[in-house]
Amino acid sequence: MRLYDAAAIVRSKNAGPFAVTIDLFFADEEHYRLARTSALLTPAGVAAAYGVAENTVKGVWWDDRILAAKVSLQRWSSSSDPFCADLFGAHLHTPLAAAELV
Amino acid sequence: MTEPVRILGFVNHIAPAADIEDEIAQALEWGVDVIVAQGTGSDWGPYWLGSGEQVSANQAANVEPYVRAALEHGIPFVFSFGIAGGNVHLETCLRAFDELCARNGWAPRLGVVRSEIGKDYLAAAVADGPPVVPASDGAGHGNLTLADVADAERIVALIGPEPVMDLLARGVDGVLTGRALDIGLFMALPMLRGIPTAVAAHAGKLLECGGLGLSPGDSGRAIWASVDATGFEVRSPSRDADATVRSLVSHTFYERSHPTLEENPGGTLDLGQATYRETELGVRCEGAVWHDAPYTVLMEGARREGFRAVSLLGVREPALLAQARGWADAAEAQVAAAPRFAQAFASGRLKVATRIFGLDAVLGSLEPNTAVTGHEAGVLVDVVADTEDLAKEAAYYAFIRLFIGPYPGRKTTAGNAAAPIMPVVVPVSEVFTFSIYHLLPLADPLEPFAMSVETFPRTADRQERTDALV
């Protein structure tokens, strides 16, 4: 199953100009567990999905209370870059969301 | 026993919901001790900071219903204004606020905090003080240098709660600031009334985006909280939204790298042990911790990078869509190879990009699709050069190569694409970069910031004297 299909909400946004954070919210325990135990949602899995160095992934965190996860990474092109294509970082979830939860 | 401080929060760069008067009335029924709204941010990128312009959000109009309620009920208000929040941005908003007061017959006495950092002040801090370190490892910045200071068009800092506390303590009707830490605006009155920093910051964190922390989230709506020494209760003043545990915890995630730790001036807010419990009318929040750290303010500075010109072409020809990226790359290469541009390219004074909407404009090199899959696509020619003339000339050169350049299998030999915008080359604007995104250590949180108390609407004479600051 793709992350996009497992999550109820997949939202991407700047966390300051130089970082992007992707918040994932799951509708039920089953999908949350599937994500939580995946190799995709680890720093190495995230780095691979974006083709970036693992040390630019700031972290992957989980919140069991609200069945949510947070993924943060350095932006490879920020609003400080004259050719930045996504000033608000609102569409940077797509490579991660399209990946399979394995 | 500390009395609770009741806060009505909203976002002043977003237009209020049509029924905002009902929300304000509900909040007043619960009781309101201060009305707070953020109106600055860096999310739009460095353009506004560098250019001195600002997004056309009409912040004075957005605050009007709240200011009316505040003045009628003797409730102080705290607003940051001007998006990038430099002195010129704040002054634009203050003049609109002058007009708002004049039109309504209001004469409030307001504290004003100007958040711009003077270059002389900062140069002295760089030369004589401790290192001014980068705030983000992703920015590629080193420690701040005198050249960084000299090259910046404008530098602001996110003021903490302390300058606002100082002005509120003088009994003003409200405080208007330039660039500010959003949660600091909310922390000021609670801290002034003796509420612990951890609780004040936690409340600020949940209230800073107004109704975005509710369910459904909408920054055009307001949010309300009653803050005491051990925690606070959040409620939705709108009948069409609710404060829920999930909406509030989700909001602590919003626009933050870390889910539970947030570095602020003077310390880190730690929500790792925070608790949320639904009450009859909202959610009770407790358990925040504050870890003290040396006091620093985040500075933002913008440096000019050049001038942008663009051109847009629409493609609907199947033979061309099948090879759109190769065709656009060829045009880029032809601009780069043109003798008239060679020197500018080699020295980095000219940069050209083609972004194909329908193929790779959003993700760039991360895009897995290698060909257009839809029936049409748009090509944005994006040029940044050190002068407007050079940017326009290179954009036109690229436009022509795209428009008439041959490609394999072409049948449409009179023109390759549709041009939707006249002029075909559009001069956009100066381009800026965040050249400063650094932490300035401060012994006194008020020191670099010009503060005053003024009666609005200000006289023309007073506005003129303010011009000296902008």
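**Core and packing**

Modeller: Start with the largest nonpolar core, which has 173 residues. B:I7, B:A203, B:A324, B:A394, B:A395 and B:A398 touch the most other members. Strand β15 (residues 296-315) of chain B gives the largest share, nine residues. This is a predicted model, where local features need pLDDT of at least 70, side-chain atom pairs count only at pLDDT 80 or more, and totals for chains, interfaces and linings use all residues. Residues are numbered from 1 along each chain as its sequence is written, and chains are lettered from A and ligands numbered from 1 in the order in which they are written.

Biologist: What makes a set of residues a nonpolar core?

Modeller: Its members are buried Ala, Val, Leu, Ile, Met, Phe, Trp, Tyr and Cys residues, joined through C-beta atoms within 7 Å. Buried means 20 or more other C-beta atoms within 10 Å of the residue's own, with C-beta atoms placed from the backbone.

Biologist: Why is α12(B) called oblique to α14(B)?

Modeller: Helix α12 (residues 324-337) of chain B and helix α14 (residues 388-404) of chain B pack at about 135°, with axes 9 Å apart. Angles under 35 degrees are roughly parallel, over 145 roughly antiparallel, 65 to 115 roughly perpendicular, and the rest oblique. The angle of about 135° therefore makes α12(B) oblique to α14(B).

Biologist: Which residues does B:A394 touch, not counting residues up to four places away in sequence?

Modeller: B:V335, B:F341, B:L350, B:V352, B:V383 and B:A385. Contact means C-beta atoms, placed from the backbone, within 7 Å.

Biologist: How many residues of chain B are in contact with chain A?

Modeller: 33, meeting 35 residues of chain A.

Terms used: Axes are lines fitted to C-alpha atoms, for helices over the stretch in contact, and angles run from 0 to 180 degrees between N-to-C directions. Helices (H or I, at least four residues) and strands (E, at least two) are DSSP runs, numbered from the N terminus. Two residues are in contact if their C-beta atoms, placed from the backbone, lie within 7 Å. A residue is buried if 20 or more other C-beta atoms lie within 10 Å of its own, exposed if 12 or fewer, and partly exposed in between; C-beta atoms are placed from the backbone.
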